[in-house]
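Open the model in your viewer and keep the selection panel at hand.

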Amino acid sequence: MNPADRARAIARNAFPPVGAVIIVLVLWQAVVLLNVWPPYLLPPPLDVLGALGEQVRSPDFYKAVGITVGRAITGYALATVIGTAIGVSMAVVPLLRRALGSLITALQTMPSVAWFPFAILLFRLSEGAILVVVVLGAAPSIANGIISGIDNVPRQLTSAARILGARGPFLYRRVILPAAMPYVLAGLKQAWAFAWRSLLAGELLVIVAGRPSLGAKLQFARDFSDAPTMIALLVVLLVIGILVDRGFGFADLRVRARRGLVREVA
Amino acid sequence: MHLNSILRRLPIAIAALFVLTATACGGSSSGASGPVDVRLGYFANITHATALVGVANGTYGQELGSLGKLKTSTFNAGPAAVEALLSGAIDMSYVGPNPAVNAYVQSHGSAVRIISGATSGGASLVVKKSINSAADLKGKKLATPQLGGTQDVALRYWLGVNGLTTDSSGGGDVSILPQDNAQTLTTFQAGAIDGAWVPEPWATRLVQEGGGRVLVDERSLWPSGEFVSTVLLVRKDFLDAHPAQVKAILRAQVKTNRYLADHPTESQTAANAQILAITGKALKPATIAASWANLKFTNDPIASSLRSDVSHAQKEGLLKSTDIKNLFDLSLLNAVLKDAAEPAVKAT
C-alpha cells in the first residue's frame with residue numbers, strides 16, 4: 001500500500017465516527033439555540049469545551065482519573081480472578097453447577113447499585129464498599145462467560161483431541177480454552193461494562209475523604225449547579241469507555257484471526 | 001451516491017425535529033393574570049424561622065389570597081435548594097448567601113435575584129470539649145451541611161485564615177465532610193467527627209445533646225455581629241412574570257419577621273410545630289430558646305457581609321466570578337416596607 005492509499009484508507013475509516021460526532025455537536029448547538037433550556041442548564045458545546053480545558057489543566061483532574069481508573073482495574077482484576085475460579089469450578093463440578101447456577105444468573109441480572117446501601121453499612125463510606133460492589137457486579141458475567149464457553153466447545157473437537165492423545169491440563173489449555181475463548185471474551189467484555197457502571201454509581205454515592213474521583217467530581221459539579229463541568233466529565237467518561245472498548249475490540253480481532261476469520265493482525 | 005442523499009436530507013429532518021420540539025414546549029408559559037401557584041423552598045432550621053412560622057401561621061397563604069396557592073418544599077442545605085430552583089422545580093427559596101451567589105454566577109447573572117434578607121447570625125463551629133483552639137483542629141474531621149453551602153465556605157475560609165489547609169474532597173490539614181445535619185449530630189455523638197460548622201438549631205443541639213462547646217460563634221467574626229445567614233432567592237423569570245405573587249410573599253415575610261420580634265414565645269412554639277410537621281420530631285423548647293438567642297430576624301440582606309462571603313468563596317476556589325452587580329432586586333421589598341412604615345434596605 002503506498003502512502004497516499006494509506007492516508008485515504010485512514011480518512012475512510014475516520015469519516016463515520018467523526019461525522020457522527022459533528023452531527024451530535026450540531027444538533028446539540030441547535031437545541032441550545034432553540035432555548036428549550038436556559039444555557040445554565042444546557043450549556044453550548046463551546047462552554048463545555050472550556051470546562052473540559054479547565055479540568056485538563058488542573059492536576060487534581062489527573063489524580064481523579066487515576067483513582068477512578070485504578071479502582072476500575074482493581075475491581076475488575078479481582079472480579080476476573082473470582083469469576084474465573086467460580087466459572088471453572090462450576091463447569092467442571094456438575095453438582096456445584098446445579099446448586100449455584102441460577103444464583104449466579106440472578107446475581108448477574110441484579111442492578112449492582114442496589115448493593116450500595118448494604119455495602120456502606122458494612123464497610124462505611126470507604127474504598128471497600130466501592131470495591132465489593134464492583135466485584136459483585138462484574139464477577140457473575142465472567143463466571144457465566146466461562147461456563148457457556150466450556151459448554152459450547154464442540155464435542156467433535158474434544159473427541160478428536162482425546163483420540164490424538166490430549167489429556168488433563170493439556171486438553172484444557174490447548175483445546176478447550178481456545179475453543180471457549182469467544183464466550184469468555186464476551187463475558188469479560190460484559191463484566192467490564194458492569195464494573196464500570198457499578199463504579200460510577202458508587203463514586204456518586206460513596207465519596208471517600210481525600211480521594212478525588214470522577215464520580216465525586218460529578219457530584220461536586222452538581223452541588224455547584226455547574227452544568228458545563230458536568231457534561232465535560234461525561235465526555236471524559238465516554239472517552240475512557242471508548243478506549244477500553246478499543247482494547248476489547250483488539251483482543252476480539254486476535255481471537256478471530258486465530259480462527260482464520262480475519263487476516264492475521266500485525 | 002447513497003450517503004450524499006442522506007446528507008442532503010439531514011437538514012430538513014433536523015429542522016422538522018426542532019419545529020416539533022418548539023411547538024411542544026411553547027404552550028407552557030402562562031399569563032401574568034389569574035391565580036399562580038408559588039412554590040417556595042426552605043429548610044427545617046431555626047435560621048429559616050421566618051418561613052417556618054409564616055407557613056405554620058398561614059401568613060403566606062393569606063397574603064397570597066386569590067393570587068394563588070402556596071406550595072412548599074424543604075431541603076437540608078442550599079445547594080440542593082438552588083438545584084431545584086434553577087431546574088424550575090420551585091419558584092423561590094430561602095437559602096444561605098453562598099448558594100444564592102453561586103446560582104447567580106453559574107447562570108452569568110441571568111437566572112436568579114435576591115429579593116430580601118431574612119435572618120442574621122445563627123451559625124457556629126461546635127467542637128469536642130478537648131479542642132481549645134484552631135491549632136488543635138489539625139488532623140481533625142469537621143462536618144458542614146453541604147459542599148459549597150454558606151457554613152461550608154465559612155469554615156474553609158476561617159480555617160484558611162488560621163493557617164489550616166482544606167480541599168473539596170476532604171483532604172488537607174483539616175478534613176471537611178459535608179453531610180446531612182441530622183447525621184452530623186449522630187456522628188458527633190458517636191465520636192466519628194470532631195466538630196461541625198452548622199446553622200441553628202444544630203449548633204445548639206451539638207452543644208446540648210452532643211456535649212460539644214462553641215469554638216466560634218460566627219457573629220464574633222463580623223462587624224457589629226451582623227451577617228446575613230438567610231436570604232430569599234427567586235427565579236428571575238418568575239419575578240418578571242408574576243410580581244404580584246412575589247410581592248405578596250414579601251408582605252407575608254415582613255409581617256412574619258415583625259411577629260417573630262414581637263412574639264418570641266409564640267413564634268418558638270409555632271416554629272417547633274412546623275419542624276415537627278416536616279421532620280417528624282420536635283425540638284426541646286430549651287433548644288429552640290437557646291438557638292433563638294443566637295440570631296436575629298431582619299429583612300435587610302446585609303449586602304456588605306454578603307460581599308465578604310463572595311470574596312471568601314472565591315479565595316477558597318469555590319466561586320469563579322465575583323461579579324454580583326445585578327444580584328439584588330430590592331424594589332418590591334422596599335415598596336412593601338414603605339407600606340408597612342418600616343425603613344428601606346439597601347443593596348450596598
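The stops below concern a predicted model.

**Stop 1: chain A as a whole.** Select chain A and colour by secondary structure. The C-alpha atoms of chain A fill a box of roughly 70 × 60 × 35 Å along the principal axes. Of its 266 residues, 30% count as buried. Among contacts in chain A with a separation of 6 or more, 72% join residues 24 or more positions apart.

**Stop 2: two helices of chain A.** Select residues 59-92 of chain A, which form helix 3, and residues 127-151 of chain A, which form helix 6. How do these two helices pack? Their axes lie 6 Å apart, at an angle of about 40°. Helix 3 and helix 6 of chain A are therefore oblique to each other. Their crossing is right-handed. Show the side chains where they meet: the residues of this contact divide into 20 nonpolar, 6 polar and 1 charged.

**Stop 3: where chain A touches chain B.** Now display both chains. The contact takes 18 residues from chain A and 25 residues from chain B. On the chain A side, select helix 1 (3-34) and helix 9 (214-223), the elements that give two or more residues. Which of the elements gives the largest share? Helix 9 of chain A does, with 4 residues. By class, the chain A side has 12 nonpolar, 2 polar and 4 charged residues.

Terms used
Residues numbered from 1 in each chain as written. Chains lettered and ligands numbered in written order. Predicted model: local features only at pLDDT ≥ 70, side-chain atom pairs only at ≥ 80, totals over all residues. Axes fitted to C-alpha atoms, helices over the stretch in contact; angles between N-to-C directions. Parallel < 35°, antiparallel > 145°, perpendicular 65-115°, else oblique. Left-handed = near helix turned anticlockwise from the far one by under 90°. Nonpolar A, V, L, I, M, F, W, Y, C, P; charged D, E, K, R; others polar. Contact = placed C-beta atoms within 7 Å. Buried ≥ 20, exposed ≤ 12 C-beta atoms within 10 Å, placed from the backbone.
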